Amino acid sequence: AYCYLLSIGFHMKKRINILSMMSCIGVIIACIVAGCASTSPKQVSEIPGSPEVYFDRSACFGSCPAYTVIFYADGRARYTGKSNVDSIGVFEGMIDAPRMMALINAFDRSGFSSMNDIYDDNVTDVATRTVRYRRYDSTKTVTDRFNTPPELRALESKIDSVAATIR
């Protein structure tokens, strides 16, 4: 607004005060710098119950992907690629609150808390998947190798899709 008023005054009087022009340039530069300055990403607000999701896929005798991922309530995520994955090593990132809430809702809808602690059979060369969900004062761990119920398989797929966003 200040520069606009100066330009009107300039056109009306056909002269400009050099100090006013320098002030106008200073205001323009300040506006540009403020508009271009990077802002830090907003942190995910604390989600009730401080949920934590842990998921581990172990190796098998074939080419099963092996990795571990942990999602924290504050949006932090840690992915550790072990073998047969695109990204080997430890990667840390953030997930946004809507994605974390979608993950929590997937746990609630799946009936995870009432699932068996282990799904297995006498089968070799099968990767083990371990899912641990902590919320409030409750922690539930399910180990999955064989005879996986569809709700657990869908939950593991959801975790896979969110894990893919942090590497």
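In this predicted model, Asp 56 lies in strand E1, which spans residues 52-57. Its relative accessibility is 11%, so Asp 56 counts as buried, the limit being under 20%. One, of 2.4 Å, reaches the side chain of Thr 68. The other, of 2.8 Å, reaches the side chain of Lys 82. Beyond residues up to four places away in sequence, Asp 56 touches Tyr 67, Thr 68, Lys 82, Thr 128, Arg 129 and Thr 130.

The largest nonpolar core holds 26 residues. Val 69, Phe 71, Phe 107, Phe 112, Leu 152 and Ile 159 touch the most other members. At least two core residues come from each of E1, strand E2 (66-72), strand E3 (76-83), helix H3 (97-110), strand E6 (129-135) and helix H4 (150-163). In soluble globular proteins, nonpolar side chains tend to be buried together.

The contacts of Phe 112 were examined next. With residues up to four places away in sequence set aside, Phe 112 touches Phe 107, Val 131, Tyr 133, Lys 140, Val 142, Leu 152 and Leu 155.

Leu 103 belongs to helix H3. Leu 103 counts as buried because its relative accessibility is 0%. Neighbours within four places in sequence aside, Leu 103 is in contact with Val 53, Phe 71, Lys 158, Ile 159 and Val 162. Leu 103 and Val 53 are 50 residues apart in sequence. In space, their C-alpha atoms are 8.7 Å apart.

Terms used: Residues numbered from 1 in each chain as written. Predicted model: local features only at pLDDT ≥ 70, side-chain atom pairs only at ≥ 80, totals over all residues. Heavy atoms only, no water. Helix = DSSP H or I, 4+ residues; strand = E, 2+ residues; numbered from the N terminus. Buried < 20%, exposed > 50% of the residue type's maximum accessible area, 1.4 Å probe, protein only. Polar contact = N/O pair within 3.5 Å; in protein donor to acceptor, adjacent residues only side chain to side chain. Contact = heavy atoms within 4.5 Å. Core = buried A, V, L, I, M, F, W, Y, C linked by side-chain atoms within 4.5 Å.
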